[in-house]
Amino acid sequence: MKIIVCIKQVPNTTDVQIDANTGRLKREGVESIINPYDEYAIEEGVRLKEKFGGKVTVITMGPQQAESSLREAIARGADEAVLVSDKAFGGSDTLATSYTLSSAIKIIGEYDIILCGKQASDGDTAQVGPAIAEMLNIPHVSCVKKIEVVDDNSIKVERMMEDGYDLIESSFPVLFTVVKEINNPRIPSLKGKMAAKKAVIKTFNVDSIGADTKRIGLSGSPTQVVKIFNPPQRTGGEKFVGEAKDVAANLVKRLSDLGII
Amino acid sequence: MVMNYMLSEEEQMMVETARNIAVEKIKPVREHYDEKEEFPWEIVKEFAQADLCGVYIPEEYGGFGKGIMGLVLVVEELCKVDGAIALSLAATALGTLPILLVGNEEQKKRYLPDIASGKKLAAFGLTEASAGSDATGMATTAVKDGDYYVLNGTKCFITNGGDAETYTIFAKTNPSKGARGISCFIVDKGTPGFEFGKKEKKMGIRASSTRELIFKDCKVHKDNLLGKEGHGLMIAQATLDNSRPGVAAQALGIAAGALDEAVDYARKRVQFGQPIASFQGIQHMLADMATEVEAARALLYASARMIDSGTSKRTSKESAMAKLFCSEVAMKVTTNAVQILGGYGYSREYPVEKMMRDAKITTLYEGTSQIQKNEIALNLIKESAAKAK
């Protein structure tokens with residue numbers, strides 16, 4: 001089974017600060033990590049490989065420094081890594097990113113399953129995974145919480161829904177985006193870390209993926225960010241403190257005084 | 001910050017991996033295993049998956065080849081969070097060392113890869129009800145019968161007993177020869193005549209199993225004799241020279257963990273309108289604890305490096321010093337951590353009472369502190385006498 005896992009390097013914080021002047025994320029002094037959802041995608045890919053044999057190739061688009069995330073993916077059990085990196089990719093929105101990654105995946109060649117995290121912790125769009133599938137013209141299922149390979153021609157998955165889950169069967173090749181309920185990622189092993197240290201990371205640029213330059217980077221990105229700002233912190237409000245019993249009684253009294261309950 | 005002991009990149013990798021497992025996997029379940037006294041199989045799987053089980057086993061047998069120092073670093077890091085769960089790995093090292101030290105190529109190939117991969121655990125069977133510090137008092141016998149030795153007797157207080165697959169067992173092959181009449185055997189779990197007795201209920205290290213091993217006409221093939229007949233006691237002593245740093249590492253880890261808890265608590269606990277860390281009485285206790293922990297670490301790392309360098313034939317004195325010092329420091333530091341946390345420290349709500357209970361074993365097993373002193377003194381006298389010649 002040939003598995004491709006798409007990952008993204010993101011800042012290690014859930015409290016991303018935005019520079020008021022430039023409207024961009026403040027990345028200085030913030031450690032970079034693999035997008036947490038993508039860790040579940042890597043783990044699932046490695047588990048599928050361990051169960052059915054084959055190979056896990058991990059791919060990311062980003063600056064040179066994203067190589068460290070690819071090495072960590074190898075420490076976590078991936079076999080090969082591809083960095084798609086070129087100044088021309090700068091400023092890509094989700095459409096341009098999906099186009100770039102799908103073009104690179106075509107160069108990698110054969111695959112049975114593509115795995116992505118549900119969404120990235122910085123952009124939170126959840127668009128790139130499904131868009132890659134569309135561009136590759138293959139089926140996809142998002143928010144997958146369980147993968148069960150049925151036979152050589154079909155695969156069953158559970159898609160997480162608000163009120164339960166859908167059971168979906170698909171042919172190969174197929175793309176899944178995964179949620180954190182799917183597994184419990186392993187701690188990188190010593191042999192994995194040694195392999196990661198020695199691994200040769202393949203690098204693709206605009207030329208090597210044969211991309212249409214009008215569809216990449218800023219020129220391939222219809223999304224125009226007009227302004228990014230921090231919404232003002234809410235102030236005021238009433239705070240009830242004290243013993244739980246008294247706080248509850250005071251809160252109920254206040255809410256009924258206001259006619260809310 | 002800890003002092004810089006110039007760890008290699010690979011040594012740092014082992015520390016980081018052990019820390020990840022300790023914090024992410026062990027911390028959430030440590031109370032459960034202490035309370036229920038269950039064997040921590042789910043964590044053993046984590047050790048195996050992360051390649052920690054074979055850090056001290058040479059690469060040619062599937063290990064990571066990082067010697068006693070590798071074992072020490074991993075055990076210390078794990079024990080900062082829990083001093084009992086790591087024993088599944090540390091006591092396996094004790095049971096494996098006789099094979100590593102004196103096993104022939106066939107025995108090493110047969111046993112080490114499964115231990116390195118974490119597929120099997122090991123245990124060391126020396127102690128008996130009437131043979132603790134004095135191993136020559138053992139009553140277990142191994143009588144030669146054709147291609148086999150027939151073992152009879154009962155071992156007690158065996159760490160990993162019942163849960164391990166591979167046992168290195170000491171028995172008398174020639175009772176009239178005393179110290180030179182003991183031999184060492186590898187015995188597999190499931191060998192007919194090899195059974196397990198009662199499981200001990202203990203003060204600490206409750207996530208670690210401690211059982212009796214019972215041999216009743218248990219036939220062990222002569223291919224499972226380790227080293228030569230009659231060399232058993234020497235093998236046991238050489239094993240302990242190499243394994244005592246592992247106990248020292250357990251003690252050091254527990255002490256370092258308790259120190260962290262005590263400093264953290266002292267900063268946050270407010271009495272008389274200020275954090276108790278602002279009181280000199282508390283500060284001096286913390287300063288002593290930190291200094292003792294660092295001194296223990298320096299002595300232990302130096303001993304482990306000396307063993308791995310292979311420059312000295314015997315390292316009994318240095319191993320004993322590291323074990324004596326680290327385990328006594330662990331007792332002092334954990335007791336003081338409970339003192340600093342006061343009533344909360346005595347409560348199971350905080351981890352320091354468990355650390356104190358777990359620490360106590362380190363002054364007892366693989367030789368009590370008093371036995372370590374005997375070992376140190378004996379070697380001092382021998383070294384002096386050799387110089388005087």
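User: In what sense do strand 4 and strand 5 of chain B pair, and over how many bridges?
Analyst: Keep in mind that this is a predicted model. Strand 4 (residues 166–172) of chain B pairs with strand 5 of chain B in the antiparallel sense, over seven bridges.

User: Which residue is the bridge partner of B:Phe170?
Analyst: That's B:Cys184, in strand 5 of chain B.

User: And which residue does B:Cys184 stand opposite in strand 8 of chain B?
Analyst: B:Cys184 stands opposite B:Leu226 there. Strand 8 (residues 225–226) of chain B and strand 5 of chain B are antiparallel too, paired over two bridges.

User: Why is strand 5 of chain B largely enclosed by the rest of the structure?
Analyst: Because six of its seven residues (182–188) are buried.

User: OK, switching to chain A. How many helices and strands does chain A have?
Analyst: Chain A has six helices and 11 strands. Its C-alpha trace spans about 65 × 45 × 40 Å along the principal axes. Of the 261 residues in chain A, 43% are buried.

User: What about its accessible surface?
Analyst: For chain A that comes to about 14600 Å², with 50% belonging to carbon and sulfur atoms.

User: Which residues make the nonpolar surface patch of about 410 Å²?
Analyst: A:Val252, A:Leu258, A:Ile260 and A:Ile261. A:Ile260 sits in the segment after helix 6 (244–257) of chain A.

User: Is A:Ile260 buried or exposed?
Analyst: A:Ile260 counts as exposed, because its relative accessibility is 58% and the cut-off for exposed is over 50%.

User: Now, how much area do chain B and chain A bury between them?
Analyst: About 1300 Å², 59% of it on carbon and sulfur atoms. On the chain B side, B:Met13, B:Gln49 and B:Asp51 lose the most area to chain A, together 37% of what that side buries. The contact involves 19 residues from chain B and 12 residues from chain A.

User: How many salt bridges are there between chain B and chain A?
Analyst: Two. A salt bridge joins the side chains of A:Lys193 and B:Glu16, at 2.8 Å from N to O.

User: And how many over all chains?
Analyst: A search of the whole structure gives 47 salt bridges. One within chain A joins A:Asp79 and A:Lys49, whose closest N and O atoms are 3.2 Å apart. A:Asp79 is in the loop between helix 2 (67–75) and strand 5 (80–84) of chain A, while A:Lys49 is in helix 1 (residues 36–52), so the pair ties together parts 30 residues apart in sequence.

User: What's a salt bridge in chain B that links distant parts of the chain?
Analyst: Take B:Arg211 and B:Asp163, whose side chains meet at 3.4 Å, N to O. B:Arg211 is in strand 7 (residues 210–221) of chain B and B:Asp163 is in the loop between strand 3 (148–159) and strand 4, 48 residues apart. B:Arg211 is buried at 19% relative accessible area, and B:Asp163 is buried at 13%.

User: What separates B:Asp358 and B:Lys354?
Analyst: About one helical turn, because they are four residues apart in helix 10 (residues 352–360) of chain B. B:Asp358 is buried, with 1% relative accessible area, and B:Lys354 counts as buried at 8% relative accessibility.

Note on methods. Residues are numbered from 1 along each chain as its sequence is written. Chains are lettered from A and ligands numbered from 1 in the order in which they are written. This is a predicted model: local features need pLDDT of at least 70, side-chain atom pairs count only at pLDDT 80 or more; totals for chains, interfaces and linings use all residues. Side-chain values use heavy atoms; hydrogens and water are left out. Buried means under 20% relative accessible area, exposed over 50%, partly exposed in between (1.4 Å probe, protein chains only). Two strands pair if DSSP finds at least two bridges between them. Patches are made of residues with over 30% relative accessible area and no salt bridge: like charges are joined within 9 Å, nonpolar side chains (Val, Leu, Ile, Met, Phe, Trp, Tyr) within 5 Å. Accessible areas come from the Shrake-Rupley method with a 1.4 Å probe; for residues, only the protein chains shown count as cover. A salt bridge is a side-chain nitrogen of Lys or Arg within 4 Å of a carboxyl oxygen of Asp or Glu. Contact means heavy atoms within 4.5 Å. Buried area is the accessible area (1.4 Å probe) that two parts lose on being put together, summed over both.
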